[in-house]
Amino acid sequence: LLAALGHPVRLALLRHVLHGQATARELQAIDGMGTSGQVYHHLRHLTATGWLRSLRGRYEVPPERVVPLLAAVLGGRR
């Protein structure tokens with residue numbers, strides 16, 4: 001699970017989704033995200049590991065994952 005957080009693009013995607021649900025198209029529009037194929041690759045990885053889920057085309061961080069996600073990211077900054 002922690003390995004999924006080891007890529008800067010994945011962390012950026014999670015940071016944006018934490019601010020509210022987002023579609024893949026909205027996430028692709030963020031500067032530095034790469035191609036649409038790269039964004040979908042990272043979204044699939046984050047979804048497969050449970051850090052994100054997709055509901056009707058919109059990605060969100062599951063409520064039960066918010067605290068573990070913040071703890072992992074903040075703990076890694078030390």
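His 45 lies in helix α3; helices (H or I, at least four residues) and strands (E, at least two) are DSSP runs, numbered from the N terminus. The model is predicted: local features need pLDDT of at least 70, side-chain atom pairs count only at pLDDT 80 or more, and totals for chains, interfaces and linings use all residues. Residues are numbered from 1 along each chain as its sequence is written, and side-chain values use heavy atoms, with hydrogens and water left out.

His 45 is partly exposed, with a relative accessible area of 30%. Buried means under 20% relative accessible area, exposed over 50%, and partly exposed in between (1.4 Å probe, protein chains only). Leaving aside neighbours within four places in sequence, His 45 is in contact with Ala 4 and Arg 10. Contact here means heavy atoms within 4.5 Å. His 45 and Arg 10 are 35 residues apart along the chain, and their C-alpha atoms are separated by 8.7 Å.

This pair belongs to the packing of α1 against α3. The axes of the two helices come within 10 Å and cross at roughly 75°. That makes α1 roughly perpendicular to α3. Axes are lines fitted to C-alpha atoms, for helices over the stretch in contact, and angles run from 0 to 180 degrees between N-to-C directions. Angles under 35 degrees count as roughly parallel, over 145 as roughly antiparallel, 65 to 115 as roughly perpendicular and the rest as oblique. From α1, Val 9, Arg 10, Leu 13 and Leu 14 take part; they meet Val 39, His 41, His 42, Leu 43, His 45 and Leu 46 of α3. By class, this contact has six nonpolar, three polar and one charged residues. Ala, Val, Leu, Ile, Met, Phe, Trp, Tyr, Cys and Pro count as nonpolar, Asp, Glu, Lys and Arg as charged, and the others, Gly among them, as polar.

Helix α1 (residues 8-18) also packs with α4 (residues 63-76), at an angle of about 135° and with the axes 12 Å apart. That makes α1 oblique to α4. Leu 11, Leu 14 and Leu 18 of α1 meet Val 66, Leu 69, Leu 70 and Val 73 of α4. The contact has seven nonpolar, no polar and no charged residues. An α-helix has 3.6 residues a turn, so residues three or four places apart point the same way.

The buried residues of α1 are Val 9, Arg 10, Ala 12, Leu 13, Leu 14 and Val 17. Their cover includes α2 (24-28), α3, β3 (58-60) and α4. Val 17 has 3% relative accessibility and counts as buried. Not counting residues up to four places away in sequence, Val 17 touches Leu 27, Leu 52, Tyr 59, Glu 60 and Val 61. Val 17 and Tyr 59 are 42 residues apart in sequence and 6.9 Å apart in space, C-alpha to C-alpha. After α1 comes Gly 20, with a positive phi near 150°.

Two loop residues were also examined. Thr 49 is found between α3 (36-48) and β2 (53-55). At 18% relative accessibility, Thr 49 counts as buried. A polar atom of the Thr 49 side chain lies 3.2 Å from the backbone oxygen of Leu 46. Beyond neighbours within four places in sequence, Thr 49 is in contact with Leu 1, Ala 4 and Arg 65. Arg 56 is found in the loop between β2 and β3. Arg 56 is exposed, with a relative accessible area of 84%. Its phi is near 50°, a positive value in a residue other than glycine.

Conventions:
Polar contact = N/O pair within 3.5 Å; in protein donor to acceptor, adjacent residues only side chain to side chain.
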